Structure formats: structure tokens, C-alpha cells
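Please open the model in your viewer and keep the sequence panel beside it. The stops below each begin with a selection and then say what is to be found there.

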Amino acid sequence: MIAEEYGYEVLPGVALDTPGVEEVLRRRERGLRWGVLALAVEVTATVAVLVTAGPGSAAAAVTAVCLVPVVAVTAGLTWLWWRARRKERLVLRTYGWQVWPVRTAEVRVVAAEGERARGRRWATDGRVVLLQPDGRSHCSFPVPGDGWDGPPPRTRHRDDQVWFAGDTRFGGMIAEPGGLPFRYVVRSAPGKRRGSGAEDELARRAGLLPRNRRPGS
């Protein structure tokens, strides 16, 4: 693990054991119930209309045109929500928190809108830059507290330190010291550093690296 190579502190246990983290995850996961409920209502309504009106009727055609896309969108959004929650839990139960020195900076990132250069659109975004021991940038991620939907943090905000659980080549969970707020982050392109076999296996277990793919391939 690169944090250990740099001599940074790695907290014992896994990030999921941090007080308050499990509660936030469970509350987010309960949101899936609303998606499943909405999907069940939409499917039931569609089937009821088709059965009542008959498959070849005008009402059935209107139902197919109006409700089937709604069902598809609801199913897609529910799946994406489930997938996001699964990713968070996998990382948090695989890695412990690594304590990284940081600085905040405005970083150029690929965006949907912004200045076009080299075939892409670019914008600036507030980031926390994880630092190497010599003060140079190791990588950068979004600010942990942006979009936070959980309880207020128990510790005072620090601009010089973050907690990170994951593999900096790919991403993971980034948090303010204390573990809350936290957010899932990924790198737009994997880092070029070659990891050890143990690092790669951890990344696979956490869902950061597909099992059928080798880093750099």
C-alpha cells in the first residue's frame, strides 16, 4: 500500500467499523425500497391495463408507449442506486482508513461544459490534492463534504488532512478526519504506478479493479 510506503498512518480495522458510517450506509440502502416499490406499482398498472383492455387494443398500445419507458427508467435508476451503494459498502469493508496530508486546489478536469482543448471540454473544480512526502501531488479527488447527506461531522474540519480508504490508482472512499462526511471517488484514468499482487487482489475484492483485468491493460 502506497500510504505505508510513504510512512503515513493506516488506522487499524476497516473503514466500515467507524462510528456513524454503517448508519449512513443503511439509510442510503433503505432508499432502494422506494425504487422497488415504484417499480412494482408501475409494472402492476401496466399488466392490469393490458389484461383489462386486451393486448391488441388501443388502450394497450397507449399503455405500452407511455408506461413501458417509465418502467424502464425506474428499473435503470433503481439498479444504478443499488450499484452505487454496493460499491460504497465493498470499499468500506475491504480497506482501513489511510491518513493523507493534502492541500486544496482548483484542478482542471474533463467536463460536459467548459473550454474546449485537445478534443475535450475542460473546467476547474475544487479538489483535495493528496501529497507525497516531498509535498508533490500524488493524485486529487473531489472534496469529501460536497453533496453530503448524513449527520454533521463530529470533528473540526481540517484543510491539511483527509482519510482515504481504497487504492489511489483507482479510487475508493475519501472522508474528512473522523470518517464523516465521506464520498465514493474514482480516478478518470487509472494511475500508472504498478501495484503489488496483494494490492491488486484487494482492489478486486473492493470492486475497484475488474477480476478479468490487469492494471495498466
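Begin by selecting Asp167 and Arg169, whose side chains meet in a salt bridge with an N to O distance of 2.7 Å; bear in mind throughout that this is a predicted model. Both of these residues are buried, and Arg169 in particular has a relative accessible area of 2%.

Next, select residues 21-53, which make up helix H2, and draw a distance between the C-alpha atoms at its two ends. How far apart are the end C-alpha atoms of H2? They are 50 Å apart, which agrees with the 48 Å that the 33 residues of the helix should span at 1.5 Å a residue. Just after H2, select Gly54, which takes a positive phi of about 95°.

Within H2, colour the buried residues, namely Val21, Glu22, Val24, Leu25, Arg28, Leu32, Gly35, Glu42 and Thr46. An α-helix has 3.6 residues a turn, so residues three or four places apart point the same way. To see what the buried residues of H2 pack against, display helix H3 (58-94) and strand S6 (182-186) alongside them.

Now select Glu29 and Arg89, which form a salt bridge whose closest N and O atoms are 2.8 Å apart. Because Glu29 lies in helix H2 and Arg89 in helix H3, the pair ties together parts that are 60 residues apart in sequence. Are the two partners buried or exposed, or something in between? Glu29 counts as partly exposed at 24% relative accessibility, whereas Arg89 is buried, with a relative accessible area of 18%.

If you then show every salt bridge in the model, taking a side-chain nitrogen of Lys or Arg within 4 Å of a carboxyl oxygen of Asp or Glu, the count comes to 9.

Terms used. Residues numbered from 1 in each chain as written. Predicted model: local features only at pLDDT ≥ 70, side-chain atom pairs only at ≥ 80, totals over all residues. Heavy atoms only, no water. Helix = DSSP H or I, 4+ residues; strand = E, 2+ residues; numbered from the N terminus. Expected span 1.5 Å × (residues − 1). Buried < 20%, exposed > 50% of the residue type's maximum accessible area, 1.4 Å probe, protein only. Contact = heavy atoms within 4.5 Å.
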